Amino acid sequence: MPAMGDAADGFVPPASLAEFAAPARAVLPADVWDFVDGGSGTETALAANRAALDRVAVLPRMLAGVEDPSTEATLPGGRAALPVAVAPMAYQRLLHPDGEPALAAAARAAGVPYVASTLSSTSIEEIAATGATVWFQLYWLRDRALVADLLDRAEAAGCAAVMVTVDVPVLGRRLRDARNGFALPPHVTAANLPGGRDDLAHQGTPGVSAVAVHTGAVFAPALSWADLEWLRQRTRVPLLVKGILDPRDAVRAADTGVDAVVVSNHGGRQLDAAPASASMLPEVAGAVDGRCAVLLDSGIRSGVDVLRALALGADGVLLGRPLLWALAAGGRAGAEAALALLAAELRDALILSGCPDPASARRLRTRIGG
């Protein structure tokens with residue numbers, strides 16, 4: 001697959017994270033672009049994520065004497081250079097031949113955690129070998145023995161946390177993928193699953209998403225609170241639950257003993273009628289009331305968005321699509337440039353809002369609608 005600026009000395013980064021999209025689209029096959037860029041249904045929830053963040057105005061504090069703010073924050077599993085983790089995203093070798101290890105190495109350079117997907121196109125062990133702080137994202141599979149094996153492998157590889165995704169009992173109806181008859185190319189596999197377990201994902205059929213067929217065959221649709229309790233008892237490292245929108249679910253997750261909830265509508269890729277993640281963040285943060293950490297996923301595109309999330313009550317955010325765009329456009333160098341840009345944007349946002357660190361940004365007041 002062609003890619004811009006694979007060599008670090010040849011990559012010229014754009015001025016904003018959103019601007020990585022154009023060079024990525026230029027080098028990606030149209031069906032791969034749609035797989036990454038698209039949402040479910042009419043993509044209402046996808047659009048809502050961005051619109052909700054754009055409506056959040058933050059009241060800056062003046063005369064705060066902030067010249068050189070710290071961007072460090074506490075996340076599940078320890079301190080990070082930014083209140084940011086790389087979101088779990090499947091099949092990164094679709095974007096660039098170096099795939100997950102390149103993005104994990106960029107996360108290591110930036111000092112932020114990298115969340116490795118169950119459906120990574122590189123094994124947990126190879127991702128962990130980059131030296132990054134790795135969290136393992138778990139999809140609940142029909143084969144409970146395989147779930148247990150994945151957890152054992154993640155802990156043996158040194159993963160610092162486990163993040164279970166709970167909003168994919170079935171894959172959302174992603175119409176772009178269906179129209180494209182999207183299927184994985186032969187060189188991209190679900191590297192963490194036993195051989196042959198992803199065969200269905202490679203079998204293209206007109207009008208059908210092969211990825212949806214595959215996940216329907218291997219994902220367990222009836223994930224329950226009892227399963228989460230089993231996972232909490234089974235997992236020694238910090239446990240995060242991703243896909244929470246209703247504050248009642250956040251409270252129940254906290255009651256189960258999770259270390260963090262991730263407020264997320266899956267980037268607009270699951271229930272198309274779901275609210276924007278940012279719109280539910282204040283209610284969720286208020287409901288758990290400090291009993292566990294709260295992270296925001298879906299729609300983050302800048303350091304200003306990170307500030308908005310903190311002011312709305314988040315302890316940190318997950319950053320997704322912009323890093324895939326950067327990976328496609330420039331490989332590891334592109335991803336490193338994107339994370340460095342995010343750090344610079346956050347530092348400026350902290351200075352402009354009068355905050356010496358991310359913790360103080362959580363005390364800022366907000367207005368919705370400007």
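In strand β11 (residues 316-319), Gly-316 and Leu-318 point one way, while Val-317 and Leu-319 point the other way, and all are buried. Here buried means under 20% relative accessible area, exposed means over 50%, and partly exposed lies in between, with a 1.4 Å probe and protein chains only. Strands (E, at least two residues) and helices (H or I, at least four) are DSSP runs, numbered from the N terminus. The model is predicted: local features need pLDDT of at least 70, side-chain atom pairs count only at pLDDT 80 or more, and totals for chains, interfaces and linings use all residues. Residues are numbered from 1 along each chain as its sequence is written, and side-chain values use heavy atoms, with hydrogens and water left out.

**Pairing of β11**

Strand β4 (residues 84-86) is joined to β11 by 3 bridges, and the two run parallel; strands pair if DSSP finds at least two bridges between them. Within this pairing, Leu-319 of β11 is the bridge partner of Val-86. Strand β10 (residues 293-297) is likewise joined to β11 by 3 bridges in a parallel arrangement, and Leu-295 stands opposite Gly-316. From β10 the chain crosses through helix α12 (residues 303-311) to β11, a right-handed β-α-β crossover. Right-handed means that, with the strands pointing away from the viewer, the path from the first strand over the helix to the second runs clockwise.

**Helices α12 and α13**

The axes of α12 and α13 come within 7 Å and cross at roughly 55°. These axes are lines fitted to C-alpha atoms, for helices over the stretch in contact, and angles run from 0 to 180 degrees between N-to-C directions. The two helices are therefore oblique to each other; angles under 35 degrees count as roughly parallel, over 145 as roughly antiparallel, 65 to 115 as roughly perpendicular and the rest as oblique. The crossing of α12 and α13 is right-handed, the near helix being turned clockwise from the far one by less than a right angle.

**Nonpolar cores**

The largest nonpolar core has 112 residues, and those with the most contacts inside it are Phe-20, Leu-94, Leu-138 and Leu-296. Helix α13 (residues 321-353) supplies the largest share of this core, 17 residues. A second, separate core has 14 residues, among them Ala-85, Val-115, Leu-240 and Ala-260. Such a core is a set of buried Ala, Val, Leu, Ile, Met, Phe, Trp, Tyr and Cys residues joined through side-chain atoms within 4.5 Å.

Val-262 is placed in strand β9 (residues 260-263). The loop between β9 and α11 (277-288) holds His-266, and Ala-276 is also found in the loop between β9 and α11. Asp-289 lies in the loop between α11 and β10. The table gives the accessibility of these residues.

| Residue | Relative accessible area | Class |
|---|---|---|
| Val-262 | 0% | buried |
| His-266 | 11% | buried |
| Ala-276 | 7% | buried |
| Asp-289 | 64% | exposed |

His-266 has a positive phi of about 65° although it is not a glycine. Asp-289, also a residue other than glycine, has a positive phi near 50°.

How far apart in sequence and in space are Ala-276 and Ala-52? They are separated by 224 residues in sequence and by 6.3 Å in space, C-alpha to C-alpha. Val-262 and Ala-90 are 172 residues apart in sequence, and their C-alpha atoms are 18 Å apart in space.
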